[in-house]
Amino acid sequence: MRRRQSVSKNSKLLQFFCYIFWAAMTTGVSWLSYTVFANLLNLVGMAQTPLVTVSNILSWICAVTFSYLANRIRVFHSVARSVKEVLSEAAKFYGSRLAVGVIEMGSVPLLVWLGVDGSVLGAKGMVAKMISTPLVILLNYLIGRFFVFRKRREEEQSGEPVGK
């Protein structure tokens, strides 16, 4: 029993560090795509507020798509195989990311409005985006672990597939 608890704690810790690694990769996708979109929109002369908002939305779409694949395959090792299961899982994932995305979509322009509008690599508002990122990562991990990929966690605990 004690060994099983130790293995369980170790696997949870390993999963968390794996999540942090892929969250960092997702953050890189988000920041890089934000920088590309912000610089492209700046080239066409878009004003700062819509530039920040549009760049943030486009970078969010890129990052969520990358994150779903990474979380499904590398972090939570999804067992969803049928089209129905995958679509249900993807809907939960994208829905939860949309909810957290609303928080990010509000926080970045709010921070810019409050004066945290520093640029990094020529991207206006990048400092605000960097400040909001740790909150976004934490919320996404908790939702992914306890809501989206819950079926997998229940199977790990019991050793049996859920519902079979």
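Helices H2 and H3 are roughly antiparallel to each other, because angles over 145 degrees count as such. In this predicted model, local features need pLDDT of at least 70 and side-chain atom pairs count only at pLDDT 80 or more, while totals for chains, interfaces and linings use all residues. Residues are numbered from 1 along each chain as its sequence is written, and side-chain values use heavy atoms, leaving out hydrogens and water.

The two helices pack at an angle of about 150 degrees, with their axes 10 Å apart.

| Helix | Residues |
|---|---|
| H2 | 48–75 |
| H3 | 83–113 |
| H4 | 126–148 |

Helices here are DSSP runs (H or I, at least four residues), numbered from the N terminus. Axes are lines fitted to C-alpha atoms over the stretch in contact, and angles run from 0 to 180 degrees between N-to-C directions.

Helix H4 bends by about 35 degrees at Thr133, and Pro134 follows within four residues. The bend is the angle between axes fitted to the seven residues ending at a residue and the seven starting there. Thr133 is one of the buried residues of H4, which also include Tyr141.

Tyr141 belongs to an aromatic cluster that includes Phe16 and Phe17. The structure holds 12 aromatic pairs (ring centres within 6.5 Å; planes under 30 degrees apart are stacked, over 60 edge-to-face, the rest tilted). Phe16 and Phe17 form an edge-to-face pair, 5.9 Å centre to centre with 65 degrees between the planes. Phe16 counts as partly exposed because its relative accessibility is 31% (buried is under 20%, exposed over 50%, partly exposed in between, with a 1.4 Å probe and protein chains only).

Note on methods
Phe/Tyr/Trp six-rings, centres within 6.5 Å; stacked < 30°, edge-to-face > 60°. Parallel < 35°, antiparallel > 145°, perpendicular 65-115°, else oblique.
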